[in-house]
Amino acid sequence: MSFTSRKYLLVIAVLLIYSISPGQHKGAIFHHLEKKHGLSSSNVEAVIQDSEGLYWIATQNGLNRFDGTNIRSFYSNSVDSNSLSHNHCTSLIEDDNGDIWVGTLYGLNCYKKKEDKFQRIFLLHSEYVTDRLNWIRDLIKDKDGNIWIGTYGLWRYDIHNNRLDAFFSNTGQKENFFAGQIYQLKYDHKREGIWGSSSKGFVFLDRKKETFYYRDHNPYDWKIFDYSTGSMIALDDFGRLWFANYAGKELLQFDLQSGGLSKSQISLTASPRRLVCDEKNRIWLFYWSKPAQVFDPSSGVLDSTILSKVHHQSPLSSSVGNLFVEKKGNYWFCSPAGISIYNPLRQNKSYIPLPVNSSTNLPVSFTEAKLGHGNSKLVWLRSRTGVYRLNTHDFSFIKLQRREFLKEINGILPFGDSVLFISTAGRIYRYNHINDRIEKVKVLYTSRASFVVDKKNQLWIATWSGGLYKFNYDLTLLKHFRQNKTAADTGLRYDNIINTSGLLSDGKTFLLGYNNGNGFAEVDTYDDRITNFFMPQETGARRMIANTINCFGFDKQDRLWLGTFGGGIYIRDKNANFSNINQSDGLKSNFINAIVLDKRSDLWISTGDGINVLQDNGKIIVNPGNEIGLGKNDFWSNCIVLEDGSILAFDHARMVIFYPDKLHRLNQPDKLVISELRIFDKSFPLAGLENKLRLDHDQNFFSFEFSVSKTNPDEEVQYAYMLEGFDKNWIFVKKPKAADYTNVPPGTYKFIVKAAGMNGQWIHYSRPLIIRIMPAFWQTWWFYSTCIATVLFGIFLLYRNRISQLKKLLYLRTKISQDLHDEVGATLSGIAMYSHLTRQQLATKEKKVVEHSLDVIQQTASEMVTKLGDIVWVVNPEHDSLEKMIHRLQEYSIGMANAKNIYIRTYLAENLKGLKLSMETRKNIYLLCKEAVNNAVKYSGCSLLELNVILNDHQVSFEVKDNGKGFDRGHTKTGNGLLNMQQRAREIGSDLKIITAPGLGTSIILEHKIT
């Protein structure tokens, strides 16, 4: 080819191909912590990590504690002396007890973890304004654990003696120099002293001598004191004190060993607001209004690009005010926009800015990427706006500007070094991108096309709705395969084809995935044979999603991996056995877009919600920590392996390159912490519990917050927790808020939690929390014992009472039997005797004698009936009231008295109503009173008979009183009637009184105690 021809082709290429500016994929990956994550303010002043693994963040509006997932904020409260003294926090440090010291704009605070409260400490001096003294600028800790405070003057809090000491005076002695306003402090471990940057220049306090060295007191001739400006300072591991000379715009270092001073070779354009030395002894320079810089003394290089805004995971702001570098290598950059966190070991990906559509100013949406066969550094991408070429050497995008391709591209295949097969909605093109020439075009209407070129250079095109086509290289149609319902197992099962694989290892077959649950097929390009397959183990609704095949992949064991539309991944081994991996196993989504095998033999799975990496033949599922996701309704193969082994992936908004080697170097998850205990939604401190927690019985509603102390709050970590003794199995969660437990019974439990790292391995919480819930007094063994003893004693009492009742019943039966025997038996014997006598008397025919005997029999039988009636009436429980007994006694008295014209008067007290007596008592009282009435009627000769019943002080009195002749008890023989009455009184434990005298009547009184 002539020079002129070459020049002509070059001009055409320049005119026809529009080159988009090279994409800068540089820029470190930062995680962000800002207000949307729970920070009380985006203006961050300082960060530390305590000995438990928790992060403490000082902001201009409160103090925050971050456990890796959750943020708890602390504020000042004017009515709570145990809160922060001021919301603007300036500095932080942890003491040897694990408590957190917080400097604020007004006062020093110590957060007591064991008490969950703040101790406020105010600096006071008679000669200085309190507000100025209590603006805390910096805090450091010496080797003895004392806290040094940089404010207006230098102060020390003796943590062992709880004493505050001020290190300035007005004695005029040089050793007692007043340093003025302290801006920054550094502890010199070698000299055991305090370096300070102040409004009066640099100052050093010798702790042992308690002597200040400064410009006017410089016995060692330290050149640092020649600089009067109070620059911020940084101290590195080599014993070099770094500071900036404001006047000369210089960065200098003072060697603490030799006392020598030297200048760096860089020139400063502004005065730094803060200097910080990192773990690599690099010096970070932070400014008020310009981007931060980092100076590496070993190379002399000054870099200002690391905090530049390049992509969405760049730093939140290049204007940084402070830096905290933790032991595990994380860099926490504090800025007015929040915290940007950088870890060199976590730089496992890079972002490539996408080309911008000039008409809409929106990112182009990619739908597929293919690796060029001839040029391994070219990646071709089809989009809704045309064809793009990505050069993987410099990551520049080039868009083809031919009018035929300035539309939606639904299929693309690089072939050889120069040819592209390109499909639009109505055409198939064979395009030579080297000379920008369309070599062949074929009319073919399809909304999606997947290409395969076989060993015979035949082009196979699987379409969205038109079945499968086979063309020769010149796009001449050789065969069209359509759905074959009569030969569904050997022909094309369905016209709607989602995707195809490349040629398999045998060089003659490829795979195609059907839509709508029709499985997949293997196409033999040599004899045009199509063999169809199903996932046989699935049925019902699951069968549909399992057999809608989006993509294919093969692992190092030559097993076939099939990505489905909603069913996860199915793996077919060499024996045609299928197994399944889905979201419940750890996949981000069951909608699979791409499966690629990297050079480490790990499988990269692109799902609708992000990317997983499957290691160890799929046994370990790793989350590389990314946000690539296409959504469940996309059928786009969005991952390929580049020549260097990196993984290129993209979605609608971004393109990312993952580095598998760096992914494997990631640290295991950091310390797993239980950060908070809440009982009935009230926070309780966990510090000082020594992992043993004692709760009362009414504190059995509690929850725990826990997290890996990771730097990325958005990073998904698989957690599992269990309350041993209560939970039967592990409870698995992601991004936990809390482990909630309600109504936990008394007992001893162990709360354990574990987390899975990015490599899928579990890390257990090293110190399980032992929880003992104390029982209520009614749940204790002694209470149960007391209850059992009480019940047994009650049963014993019931038993005794029952025995007593049975004895009483037996006694009553015996008594009734005795009464029947004594009363009725004797009477019946008398009747029998008189009956026998009457029979004899009838033989003599003595009428009067017989009549007398019959009268005796009649009278005796009548008395027997009366006695039987009394006994039956008394034992009847319906007659147990005193009123009924008095009423019956009254009826008897009236019946007796009427025969002799005796007047009966009865008095029954009102408070006797409802009073009941036992059967034995009732019987004896009734019969006693009846005997008294009977005696009075028969023998007293009275005209008035009174029956009085009175209840007074739990004692009831029964009185039978007559106005008869009375008698002299001393000269009268006691008859059976009185003896019977006395016997009855004794039986019921009552007192019987007989009051009588000749001519004065008789009064018989029975007094019975009511119990």
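How many helices and strands does the chain have? It has nine helices and 72 strands, where helices (H or I, at least four residues) and strands (E, at least two) are DSSP runs numbered from the N terminus. Before going on, note that this is a predicted model, where local features need pLDDT of at least 70, side-chain atom pairs count only at pLDDT 80 or more, and totals for chains, interfaces and linings use all residues. Residues are numbered from 1 along each chain as its sequence is written, and side-chain values use heavy atoms, with hydrogens and water left out.

**Exercise 1: a helix pair**

Work out how α7 and α8 are arranged.

Step 1. Recall that two packed helices are described by the angle between their axes and the distance between the axes.

Step 2. Get both values: the axes of α7 (residues 882-898) and α8 (residues 919-940) come within 10 Å and cross at roughly 20°. Axes here are lines fitted to C-alpha atoms, for helices over the stretch in contact, with angles from 0 to 180 degrees between N-to-C directions.

Step 3. Classify: α7 is roughly parallel to α8, the label for angles under 35 degrees.

Step 4. List who touches whom, taking contact as heavy atoms within 4.5 Å. From α7 you get M885, R888, L889, Y892, S893, M896 and A897; α8 brings R922, I925, Y926, C929, K930, V933, N934 and V937.

Step 5. Sort by class: ten nonpolar, two polar and three charged residues. Ala, Val, Leu, Ile, Met, Phe, Trp, Tyr, Cys and Pro count as nonpolar, Asp, Glu, Lys and Arg as charged, and the others, Gly among them, as polar.

**Exercise 2: around N516**

Find what N516 touches.

Step 1. Locate N516 in the loop between β44 (509-514) and β45 (520-524).

Step 2. Beyond neighbours within four places in sequence, N516 contacts Y494, M544 and T548.

Key:
Parallel < 35°, antiparallel > 145°, perpendicular 65-115°, else oblique.
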